[in-house]
Number of protein chains: 2
Amino acid sequence: MLHVFGHTNPDTDAISAALVYASLLRRQGVEAQAFRLGHLNFETEFVLKELGVEAPPMLPELPAGTAVALVDHNESAQSVSNLAELSVKRVVDHHKLGDLTTANPPYLRFEPVGCTGTLLLKLHREANLDVPVQDAKLLLSAILSDTLHFRSPTTTQDDREAVEFLAPIAGIQDVEQYALAMFAAKSDLGDTPAETLFRMDYKVFPFGDPAKPQEWGLGVIETTNPAYVFGRQAELLAAMDTVKAEDGLSGVLLSVVDILNETNRTFILSATEEKVMQEAFGVRTQGQVADLGHRISRKKQIVPVLEKYFSPDA
Amino acid sequence: MLHVFGHTNPDTDAISAALVYASLLRRQGVEAQAFRLGHLNFETEFVLKELGVEAPPMLPELPAGTAVALVDHNESAQSVSNLAELSVKRVVDHHKLGDLTTANPPYLRFEPVGCTGTLLLKLHREANLDVPVQDAKLLLSAILSDTLHFRSPTTTQDDREAVEFLAPIAGIQDVEQYALAMFAAKSDLGDTPAETLFRMDYKVFPFGDPAKPQEWGLGVIETTNPAYVFGRQAELLAAMDTVKAEDGLSGVLLSVVDILNETNRTFILSATEEKVMQEAFGVRTQGQVADLGHRISRKKQIVPVLEKYFSPDA
């Protein structure tokens with residue numbers, strides 16, 4: 001049985017892609033089941049509730065050699081801790097290729113599109129399979145989430161066409177209204193503890209010399225209510241300090257992305273992060289906040305800049 | 001302009017896949033040109049001559065940052081020497097995933113099929129593009145070559161269907177006769193120097209601890225005339241010794257694959273290789289030859305066994 005899962009700190013794409021890919025594989029005769037690597041965020045909770053879909057179960061500890069399929073990620077730092085012992089059979093992803101290796105020829109489908117959901121729709125169409133209503137809703141939600149309804153610079157024509165194709169199947173007439181409801185749910189952070197907020201959409205990236213990389217933890221809070229997040233700045237900085245120590249990181253950043261205004265103001269913990277922000281991005285920092293302007297995509301506008309900055313060849 | 005190329009010591013698939021993928025990309029609006037990383041083997045020379053197709057030019061030295069597409073390989077040990085400095089945009093391959101990483105999300109298409117040509121046919125069909133006659137001939141030849149006309153255990157149903165689809169377009173009525181002509185051309189080794197013979201279908205694989213792997217050089221001669229190769233055993237063993245020293249290898253093997261009888265007898269250079277053959281495969285060796293029985297696929301039946309044998313977890 002193939003275990004299908006997305007990255008740690010799952011977002012709507014990681015959950016939807018696992019569910020839909022497992023469902024597609026089953027229809028193609030492959031025994032597969034979807035799992036998740038962490039708690040749902042508020043947006044994903046909203047989506048699953050709207051759709052009446054159960055969350056996939058938490059991934060149990062897998063014995064060495066277990067066959068797995070990764071969706072929406074491929075780097076070991078963002079996956080299950082014993083990934084190196086498992087047998088990766090399939091990956092469907094839209095991120096850069098990290099440290100993944102396989103013992104046998106795998107099935108890999110990577111394209112530089114805005115969302116794994118867009119690739120999963122292609123897999124259905126290439127196999128001449130219809131998309132069930134529930135799966136169409138999941139894929140549509142994932143694409144709206146990952147692209148911030150086409151606001152993110154990661155958006156491609158393929159993502160737009162996928163939404164156009166899926167919306168009628170999903171029975172969602174007003175896509176903008178549905179997207180805003182998703183973003184509102186995501187922004188309703190209530191009294192979530194600061195460390196949980198920081199870790200909700202958080203990924204660790206190795207930078208510099210691959211033989212002895214330095215690891216940075218990059219959190220993002222995408223919200224329609226940035227004022228709420230800035231109201232908790234002191235708490236969040238304290239949480240970042242804790243996580244930096246716990247995870248043995250060289251640096252931590254927390255980007256507060258204002259979805260509607262498409263801006264990014266990033267919390268910086270110490271002089272280390274401040275120096276990198278100023279040197280790598282050439283931006284001003286003030287009171288532990290760096291103004292990153294319209295750089296709202298971690299994948300396309302933050303990570304590649306840091307990668308280049310820390311590169312031993314640079 | 002995207003530089004498209006297959007592995008060093010190119011075979012018919014490496015050359016055909018580069019030509020056909022570059023041609024497909026151009027039809028899809030991507031500026032692309034095919035190159036090769038070495039001399040043609042006798043089979044590929046035969047195929048190109050039959051088809052009236054010019055060989056792609058040798059890849060020139062590429063400046064850092066040049067955009068490239070890899071076909072039929074992904075590991076740096078089998079690619080252009082400065083691969084790490086280049087920008088890998090696309091890979092179409094049917095081998096295990098090695099040490100490749102990318103700075104940005106790439107386009108990757110890997111499937112565990114017998115030949116890259118089978119995947120390139122899928123890309124045409126998914127894009128609703130016809131396959132030009134010449135490209136059909138190239139893909140057909142590549143599939144017959146890589147699968148030894150379905151004799152290899154790497155053969156899948158997709159490869160068989162691809163040949164069935166391509167043969168009428170290519171205008172090749174007797175596929176078996178065409179395959180035998182290809183294999184005869186491949187087997188007509190004449191007075192080729194022994195080191196050239198050893199390096200003709202030769203790949204280097206890192207085994208063991210990824211931080212300090214030991215490298216093994218694995219050559220294969222697929223032939224309908226094994227007697228000829230065994231007639232040159234002493235010369236070939238001397239050439240293996242030279243290459244082992246030149247390339248700083250831990251071990252070298254040369255598998256003589258009898259295409260028609262589907263057997264593999266492998267030359268072993270020294271006690272090091274003999275020990276590995278006996279322990280990893282449990283086979284008898286006699287007079288510097290290990291009888292590997294029907295294990296005729298390096299990819300599927302030799303490399304995974306060695307990988308497991310040398311694994312630090314084993």
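This is a predicted model: local features need pLDDT of at least 70, side-chain atom pairs count only at pLDDT 80 or more; totals for chains, interfaces and linings use all residues.
Buried area is the accessible area that two parts lose on being put together, summed over both.

Between them, chain A and chain B bury about 1,900 Å², of which 61% is on carbon and sulfur atoms. On the chain A side, the residues that lose the most area to chain B are Leu97(A), Pro105(A) and Leu108(A), which together account for 30% of what that side buries. The contact draws 22 residues from chain A and 22 residues from chain B.

As to polar interactions, there are 0 salt bridges between the two chains, while 4 residue pairs are in polar contact across the interface. Strand 5 (107-110) and helix 11 (298-310) of chain A each supply at least two residues of the side that touches chain B. Strand 5 gives the most to that side, with 4 residues. By class, the chain A side has 10 nonpolar, 6 polar and 6 charged residues.

Strand 5 of chain A also pairs with strand 5 of chain B, in the antiparallel sense and over 3 bridges. Within this pairing, Phe110(A) has Leu108(B) as its bridge partner.

Val71(B) lies in strand 3, residues 67-71, and counts as buried because its relative accessibility is 0%. Among the residues it contacts are Val4(B), Phe5(B), Tyr21(B) and Thr116(B). Lys244(B), found in helix 9, is likewise buried, since its relative accessible area is 15%. The side chain of Lys244(B) makes a polar contact with that of Glu273(B), at 2.9 Å.

Note on methods: Residues are numbered from 1 along each chain as its sequence is written. Chains are lettered from A and ligands numbered from 1 in the order in which they are written. Side-chain values use heavy atoms; hydrogens and water are left out. Buried means under 20% relative accessible area, exposed over 50%, partly exposed in between (1.4 Å probe, protein chains only). Contact means heavy atoms within 4.5 Å. A polar contact is a pair of N or O atoms within 3.5 Å; within protein, one must be able to donate a hydrogen and the other to accept it, and residues adjacent in sequence count only if both atoms are side-chain atoms. Buried area is the accessible area (1.4 Å probe) that two parts lose on being put together, summed over both. A salt bridge is a side-chain nitrogen of Lys or Arg within 4 Å of a carboxyl oxygen of Asp or Glu. Ala, Val, Leu, Ile, Met, Phe, Trp, Tyr, Cys and Pro count as nonpolar, Asp, Glu, Lys and Arg as charged, and the others, Gly among them, as polar. Two strands pair if DSSP finds at least two bridges between them. Lists of a residue's contacts leave out its neighbours within four places in sequence.
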